[in-house]
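Q: Hi! I've just opened this one and I'm new to it. Could you walk me through it?

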Amino acid sequence: MNSTQSTLTLGQRSKLFMQNSPARMAFIIAIILYAVTVMISPGSFNASAIGSIVMLTLLLSIASAGQTIVLIGGGMDFGVGAVMSSAAILTTTIMNSQDGRFFPLLFAALSMGATVGLLNGICTVKIGLPPLIVTMAISNVITRMQYVLTQGSPMGYASPSFIKSVTSKLFGLQFLPSIILYGLIIIPLVFYLLNHSRFGKQVYLLGNNPVAARLNGVNINRVQILTYVFSGMFAAFAGMLGAAYMNAARCQIFDEYAYNSLIAVIIGGTSFSGGVGTYTGSIAGSLVMVVLSNLLTAMGLAQPTRNVFMGLIMIVLLILYNREKKVRQ
Amino acid sequence: MFELRGVDKRFDAVVALNNASLNVKPGEVHALLGSNGSGKSTMIKILAGLVNPNAGEILIDGSPVEIRNGYDSRKLGIATAFQDLSLIPTMSVRDNILLGNEPKNALGLVDQRASDEIISRLLERFQIDCDPDDYVQTLMPSTQTMLEVAKAVALKPRLLLLDEVTAALHYDEIQVLFSVMRELKEEGIAMVYVTHRMNEVFEVCDRTTIMRSGESVITGPMDDFSLDDIVYYMTGQRPDKSKKDVVHSHSDGGREIVLDVKNLSIFPKVHDISLRAHKGEIVGIGGLQGQGQPELIRAILGAIRYEEGEIIYDGEPSTFKLPSKAVKNGMGFISGERNREAVFPARTVLENILAGKVAKGKTFAYMPAKANRSFAQSAVDKYNIVIGSLNHPASSLSGGNQQKLVVARWIAMQPKLLLLDDPTRGVDIHSRLEIHEILKECANDGMTILISSSESEELLSLCDVIYVFYEGCVSAQLTGENKTPEKLVAAMMGMSEDHEIVSTMEAKA
């Protein structure tokens, strides 16, 4: 084994590393990108800047949790953004700056997310349409509903205590936003679901070989629908936290998370074809997305130029990541 | 003269070939033999240009050549008939055969008349009964395999590679294939023949190269080898005659009936089938390919619906609409179509073994990592599965070991009724015998086993009762002294009683 390794060139070895441990690779890329940012603008190396990276990374990680599960199960959820936006509007409308409405809100938001997920799941599984089209169509309906139900301008603000629970600094430290406490609940929950529960293992089998999974006794329709339900619920929760972070909400406020969550998950090494991937990778991928966006801001680029660069860098990363690994056929 | 010298090939940590060599002379059929995972297929793929070796050289008539891809291989006069077929299902027979090799007229367009002639001659030579405009996906699996060979021969190669093509063929088709191979031999074409069926090797091959764990162990004329020699070179051990086989004793007096299928019909393949399996019994389903065996098994599992009849499982009418229901109620299913229906190639060995346990039980229940690991490790140890590590992907294992993985997955679950659909297809003798021993032990412990197989010897040596299917009906039920190869073959051809054989022959005369 050692002799095998030593005969490889540096390039081959780094390629192997990238393909075998995409999560670690993503963390390394994030660190490099951050180092470049600091070199370009030394002022950006401070506690509050790091705190904002942590905040945005956790927000994207939570939004990506369901996306990760769906993608591993062989599907795709383009409705994450619309569900987040809707949950944000629910948050400001229900709370309307009043404390003590967290649990009714939680119930309403999660039910909304679960319902949308259920719809996505049933339409993909029972009608057999490609998930990209189904989830886009349904997310479109939800987005329009935001305008219909709010007349285009959602009212209210998140409650002060909820805002505080997301944005205050732990131990007074600028780089520890209290959203970390929510992360400490959600992240272990996702790890339990994916890696330690029977459900997670069924998702991996389903994504890798649905025919075999079915004949092997996995109720594949049920599992697939459940992946979408989880995706809707995690997205809804992320939308609530997002509303607290932004204080107020507007229609389509988090729509870009549909795209961002998908890219973060893929940078994290989850395969488009299903059956392969980790949540650690998705967290790392979220970090890359946030740091990259920071870097482009630090370079002083205008928003349109930034988007162009973002797109180009994404394409490069995706090419590097999604190469099929060579195995015995 | 085609030669491979000192070829190495690694797939990550797995060594598929280690200093392997092969030389094939014009006008000979060269048998390439070895257990699953010995590197036969990799050798074929190197010559076909699908796999590039890490080291070693390829020589044609003494001069080194490079085969980087399928196009190079074809240009050098090499044609391959693959086990898993290289036909395009949604194209016609004609287009498949001529693909990339169309006869052209003066204007550079496809010459319709010339191509018609090529096709009809080829179909006649291989005695393939189909219309050139039929889509390949509508043909029987065995016809598709014949087409695969015909397509390779149509390229007029100097070297023809045949990778386990007879696995899916009927007896008469194999004879046609052999006569074509003998003609090609006369024409001076070199052939490499890969198979697990030893009787074919002695019938048609001139020389052999035997492989073991990626190395070519020995090469020599076929006449120098006995069957025992071949097994010795393949496994490194002399077949142990003194070793006691597991004896599966059978008596169904008063034992409970686990499975009772009554007058089952599944459109369009199965008509009015009844069969019965008792506790601890091994029930075989025989027959040529495509006589409704897979459909019956899948109907019992709940994977497909049936129109008429009744399935009584464990004393109650079973109404399983999904395999997951059947599995929850103690069934297990092992498919021989491992790539499509059994193995999870990207997942680890551990997860593949665990798949049965994963399918059964509370959805959100905790599955402790330590218990999973020891469950998988004990299965690997018990069934001698050759793996690199429990964490390697299943795709890193050889075919035979992948199949053992699937068998271990279900045996470890101790199902009440185990369904097997041609479980040893493409599995080498050695692993096959191991799987048989495992099944017999399980039956002795009270497991009921329903096994469909295309191999007569497998059914005869394993089963207490054999139901022979012919065109969706049971043409014979063989038990005890009736279990003879002759009766089995006769029933497979649809001749259920001796006098019927006579009457059919008279009718022909």
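**Strands, helices and the contact between chains**

A: Happy to! Let's begin with one pair of residues in chain B: Ile266(B) has Val270(B), in strand S12(B), as its bridge partner. This is a predicted model, by the way.

Q: Which strand pairs with S12(B) there, and over how many bridges?
A: That is strand S11(B), residues 257-266, which pairs with S12(B), residues 270-278, in the antiparallel sense over six bridges. The two form a hairpin, with three residues between them.

Q: And what else is S11(B) joined to?
A: Strand S14(B), residues 308-313, is joined to S11(B) by five bridges, and the two run antiparallel. One place to look is Leu259(B), whose bridge partner in S14(B) is Tyr313(B).

Q: How confident is the predictor in chain B?
A: The average pLDDT of chain B is 85, and 93% of the residues score at least 70.

Q: Where in chain B is confidence lowest, and where is it highest?
A: The lowest is helix H18(B), residues 498-508, with a mean of 40, while strand S18(B), residues 448-452, is highest at 94. Over residues 497-509 of chain B, pLDDT stays under 50, and the model has four contacts beyond four places in sequence for that stretch.

Q: What about the complex, what are its ipTM and pTM?
A: The predictor gives an ipTM of 0.85 and a pTM of 0.79 for the complex.

Q: You mentioned S1 and S2. What sheet are they in?
A: They belong to an open sheet of four strands in chain B, in the order S2-S1-S4-S5, with antiparallel pairing. S2(B) and S5(B) are at the edges with a single partner strand each, so one side of each has no neighbour in the sheet. From one strand to the next, the twist averages 30 degrees.

Q: How many bridges link S1(B) and S2(B)?
A: Seven, in the antiparallel sense. To find one, take Phe2(B): its bridge partner in S2(B) is Val24(B). Helix H1(B), residues 40-48, packs on this sheet and touches S1 and S2 of chain B, with its direction at about 65 degrees to that of S2(B).

Q: Changing topic: what order do the strands take in the six-strand sheet of chain B?
A: The order is S6-S7-S8-S3-S9-S10 in chain B, in an open sheet with mixed pairing. The edge strands are S6(B), residues 78-81, and S10(B), residues 215-221, each pairing on one side only. Here the twist averages 20 degrees from one strand to the next.

Q: How do S9(B) and S10(B) run, parallel or antiparallel?
A: Antiparallel, with six bridges joining them. Ile210(B) stands opposite Ile218(B) in S10(B).

Q: Which helix lies across S9 and S10 of chain B?
A: Helix H8(B), residues 227-235, lies across S3, S9 and S10 of chain B and runs at about 35 degrees to S9(B).

Q: Now chain A. At what angle do H5(A) and H7(A) cross?
A: Roughly 20 degrees, with the axes of H5(A), residues 80-95, and H7(A), residues 131-150, coming within 8 Å. That angle makes H5(A) roughly parallel to H7(A), and their crossing is left-handed. Residues making the contact include Gly81(A) and Ile89(A) of H5(A) and Ser139(A) and Ile142(A) of H7(A). By class, the contact has four nonpolar, seven polar and no charged residues.

Q: And how far apart are the axes of H4(A) and H13(A)?
A: They are 9 Å apart, and H4(A), residues 47-72, packs with H13(A), residues 256-267, at an angle of about 65 degrees. That makes the two roughly perpendicular, and the crossing of H4(A) and H13(A) is right-handed.

Q: Which residues meet there?
A: Among them are Leu60(A), Ala63(A) and Leu71(A) in H4(A), and Tyr257(A), Leu262(A) and Val265(A) in H13(A). The contact of H4(A) with H13(A) has seven nonpolar, five polar and no charged residues.

How values were computed
Residues numbered from 1 in each chain as written. Chains lettered and ligands numbered in written order. Predicted model: local features only at pLDDT ≥ 70, side-chain atom pairs only at ≥ 80, totals over all residues. Pairing = 2+ DSSP bridges. Axes fitted to C-alpha atoms, helices over the stretch in contact; angles between N-to-C directions. Contact = placed C-beta atoms within 7 Å. Parallel < 35°, antiparallel > 145°, perpendicular 65-115°, else oblique. Left-handed = near helix turned anticlockwise from the far one by under 90°. Nonpolar A, V, L, I, M, F, W, Y, C, P; charged D, E, K, R; others polar. pLDDT = per-residue confidence, 0-100.
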